[in-house]
Amino acid sequence: MHPDAQGPEIHYYMIRGGDKKTNVTVWETGTVGGEYIKTYGHYHVGHLDETYNIAEGEGIVLLQKRKGEDSGQPIDDEIESFIAIKVKQGDRVFIPSGMGHLVANIGKTWFVTFDDSPVNMEEKDPVSLPGHADYEAVKKMRGFAYYVVEEADKPTLVKNPLYKVVPKPQWFTPEEYASKVQK
Ligand SMILES: [Fe+2]
């Protein structure tokens, strides 16, 4: 939201598991320019679901689907659906293929997840930018359609003005969302 705002040098740490182990991600605490520390956010390339297990902390998972995604011609600045899920230790979130995703740490502790996204160690740059993930669309739009901002010590969603079409965010618990996507 505020590219020049000051924050910790490293916002999150990722340990890639390769073929046999899960990936681990650890988020720093705090805010940068009012925005809670978050992962970059990406869309998957090709059909790929992903499951996040929350090992520690409190966070908000943001999911957004672009218009045209189902026909293979997604429009980066037009969003069809936007979902926010508040999560804590012990929760699990299934992310269906086609939903862009990022997670913000809204707690006072590390936020830690395990995920099962594949990492092919034979790729040119498997560690920082695995081939299954597209970060460019998010980079171009300077984030997702909403930012998770701290207001009076509470998280609130603030619209990203660069997006042309943005629906209202739908809030779900992890259980509600799981039953919605039937996984
Ligand atoms: Fe992913």
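**Close-up views of the model**

**View 1. Y43 is a buried tyrosine, at 2% relative accessibility.** Buried means under 20% relative accessible area, exposed over 50% and partly exposed in between, with a 1.4 Å probe and protein chains only. The model is predicted: local features need pLDDT of at least 70, side-chain atom pairs need 80 or more, and totals for chains, interfaces and linings use all residues. Residues are numbered from 1 along each chain as its sequence is written, and side-chain values use heavy atoms, without hydrogens or water. Y43 lies in strand β5, residues 43-44 (strands are DSSP E runs of at least two residues, numbered from the N terminus). Beyond its neighbours within four places in sequence, the contacts of Y43 include I79, G100, H132, A133, D134, A137 and V138 (contact: heavy atoms within 4.5 Å). Q64, R66 and E69 are also in contact with Y43. L63 is 20 residues from Y43 along the chain, and their C-alpha atoms are 9.7 Å apart.

**View 2. Y43 meets a charge from R66 and a polar partner in Q64.** The charged end of R66 sits over the ring of Y43, 3.4 Å from the ring centre (NZ of Lys or CZ of Arg within 6 Å of the centre and within 35 degrees of the ring normal). The side chains of Y43 and Q64 make a polar contact of 2.9 Å. Such a contact is a pair of N or O atoms within 3.5 Å; within protein, one must be able to donate a hydrogen and the other to accept it, and residues adjacent in sequence count only through two side-chain atoms.

**View 3. Four residues hold the iron ion.** Its protein donors are H42 (NE2), H44 (NE2), E50 (OE) and H101 (NE2). They lie 2.1 to 2.2 Å from the iron ion (donors: N, O and S atoms within 2.8 Å of the metal, or 3.2 Å for Na, K and Ca, with water not among the atoms). Along the sequence, the donor residues follow the spacing H-x1-H-x5-E-x50-H. Both H44 and E50 are buried.

**View 4. W27 and F111 pair edge-to-face.** Seven aromatic pairs turn up in a search of the whole structure. One of them joins W27 and F111, at 4.9 Å centre to centre and 75 degrees between the planes. Rings of Phe, Tyr and Trp (its six-membered ring) pair with centres within 6.5 Å; planes under 30 degrees apart are stacked, over 60 edge-to-face, the rest tilted. W27 belongs to strand β2 (residues 23-27) and F111 to strand β11 (residues 111-115). The two are 84 residues apart, so the pair links distant parts of the chain. W27 and F111 are both buried. Ring pairs also bring in Y12, which forms a cluster with W27 and F111.

**View 5. F172 and Y177 form a tilted pair.** Their ring centres are 5.8 Å apart, with the planes at 50 degrees. F172 is buried at 17% relative accessible area. Y177 is buried at 3%. I83 contacts both F172 and Y177. I83 sits in strand β8, residues 79-88, and is buried, with a relative accessible area of 3%. Other contacts of I83 include V61, L62, L63, M99, Q170 and K180. P155 is 72 residues from I83 in sequence, and 15 Å away from C-alpha to C-alpha.

**View 6. E35 reaches M1.** The side chain of E35 comes to 3.1 Å from the backbone nitrogen of M1. E35 is in strand β4, residues 35-36, and counts as buried at 7% relative accessibility. Residues up to four places away aside, E35 touches M1, G30, Y147, V148 and V149.

How values were computed: Helices (H or I, at least four residues) and strands (E, at least two) are DSSP runs, numbered from the N terminus.
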